[in-house]
Amino acid sequence: MRIRFLSPTPAHLQQIFFDAASGWLPHANLKFELVTTGDAEIRITLNQNLHWSAVGTDILLAYHRQDLPTMGFDLTRLIDTQKLIKQQGRSFAMFDIRPFLAPDFERIVLHEFGHALGAEHEHQHPNANIPWNEQKVLKEYAASGHSEAFVRKNILDRYEAADFSYTEYDPESVMHYNVPQKLTVGDFRIDNTGKTLSARDKAFMSTIYGERPNSRGPLTLAIGGSAGTPN
Ligand SMILES: [Zn+2]
């Protein structure tokens, strides 16, 4: 799969994203290639409000136009910009940005690429049983401009078991959001900050993108498919 940044992005920053995304590769019969021109299956823009990706084969269907992104990252939440500005001035084109990456940078990149490879949200797994305090969740996300419909679609709603190919619920999955205690009833919380692929993430991807004698190419094997699932 070819990966191209649509936003002007320094080459070394592109490489940092590429390296993080490549964490999937030892567990899938897939190749990634970072390209600067021509067609690409995964097209990334940087923004200031949302990490998101189209899911699975949608990146070839609903998002077939090469000038449209299939994935976006909120750079302001991936890089400690305050520290950066203080120490280096505003331009990050000229030096190593790695010391300024957020602690969950790798996890977030793996999460969005997980969507691109067909994975859906683990916290919305049919068997997830998170005691969300719905009013608090809605209020928290409303403060950053997200509608109730958005929050229900990406966080609160659970998938119908019949609609998906799924394995056992895995609270450590890279596809699982952190669950802060303040957004739940009681003392329930999940914090996977800094963790990367779980054992089940690796097993799942190697099942989906395993070696097959009649393989028509990895993307044709992707599952999932709700149009344009953000975040
Ligand atoms: Zn997501």
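Q: In which sense do β1 and β3 pair, and over how many bridges?
A: A pairing is read from its direction and its bridges, and in this predicted model β1 and β3 run in the parallel sense, joined over three bridges. One place to look is Phe 5, whose bridge partner in β3 is Ile 44. On another pairing of β1, which covers residues 2-5, strand β2 (residues 33-34) is joined to it in the parallel sense over two bridges, with Glu 33 in β2 as the bridge partner of Arg 2.

Q: Which strand does β3 join in four bridges, and how do the two run?
A: Strand β3, residues 42-47, is joined by four bridges to strand β5, residues 71-74, and the two run parallel; here Ile 44 has Met 71 of β5 as its bridge partner. Strand β4, residues 52-53, pairs with β5 in the antiparallel sense over two bridges, and Trp 52 stands opposite Gly 72 of β5.

Q: In what order do the five strands form the sheet?
A: Once the pairs are known, they can be chained into an order, which here reads β2-β1-β3-β5-β4, an open sheet with mixed pairing. Because β2 and β4 each have a single partner strand, they stand at the edges, and one side of each is left without a neighbour in the sheet.

Q: How do the elements of the protein run from the N terminus on?
A: The run is β-α-β-β-β-β-α-α-α-α-α-α, and the secondary structure comes to seven helices and five strands. Within this run, β1, helix α1 (residues 11-21) and β2 make a β-α-β unit that is right-handed.

Q: Where is Thr 9 found, and does it count as buried or exposed?
A: Thr 9 is found in the loop between β1 and α1, and it counts as buried because 20 C-beta neighbours lie inside 10 Å. Leaving aside neighbours within four places in sequence, Thr 9 is in contact with Gln 14 and Leu 46. The C-alpha atoms of Thr 9 and Leu 46 are separated by 8.3 Å, although the two residues are 37 residues apart along the chain.

Q: How many residues does the largest nonpolar core have, and which of them have the most contacts inside it?
A: The general idea is that in soluble globular proteins nonpolar side chains tend to be buried together. In this structure the largest nonpolar core has 31 residues, and those with the most contacts inside it are Ala 21, Ile 42, Leu 110, Phe 113 and Ala 116. The elements that give two or more residues to this core are β1, α1, β3, β5, α4 (105-116) and α7 (199-208). Apart from it lies another core of seven residues, including Leu 138, Ile 155, Val 179 and Leu 183.

Q: How many of the residues of α4 are buried, and which elements do they pack against?
A: Helix α4 is mostly covered, with 10 of its 12 residues buried, and these buried residues pack against α1, β3, β4 and β5. Among them are Glu 106, Arg 107, Glu 112 and His 115. As for Leu 110, when residues up to four places away in sequence are not counted, it touches Ala 20, Ala 21, Gly 23, Trp 24, Val 174, Thr 196 and Leu 197.

Q: What span should α4 have, and how far apart are its end C-alpha atoms?
A: At 1.5 Å a residue, the 12 residues of α4 should span 16 Å, and its end C-alpha atoms are 17 Å apart, which agrees. Just after α4, Gly 118 takes a positive phi of about 110°.

Q: What is the mean pLDDT of the protein, and where does pLDDT stay under 50?
A: The mean pLDDT is 87, and 88% of the residues reach 70 or more, whereas pLDDT stays under 50 over residues 215-230, for which the model has 36 contacts beyond four places in sequence. Where pLDDT is low, the predicted coordinates should not be read in detail.

Q: What share of the residues counts as buried, and what share of the contacts with a separation of 6 or more joins residues 24 or more positions apart?
A: Of the 231 residues of the protein, 29% count as buried, and residues 24 or more positions apart account for 76% of the contacts with a separation of 6 or more.

Key
Residues numbered from 1 in each chain as written. Predicted model: local features only at pLDDT ≥ 70, side-chain atom pairs only at ≥ 80, totals over all residues. Pairing = 2+ DSSP bridges. Right-handed = clockwise from strand over helix to strand, strands pointing away. Core = buried A, V, L, I, M, F, W, Y, C linked by C-beta atoms within 7 Å. Contact = placed C-beta atoms within 7 Å. pLDDT = per-residue confidence, 0-100. Expected span 1.5 Å × (residues − 1).
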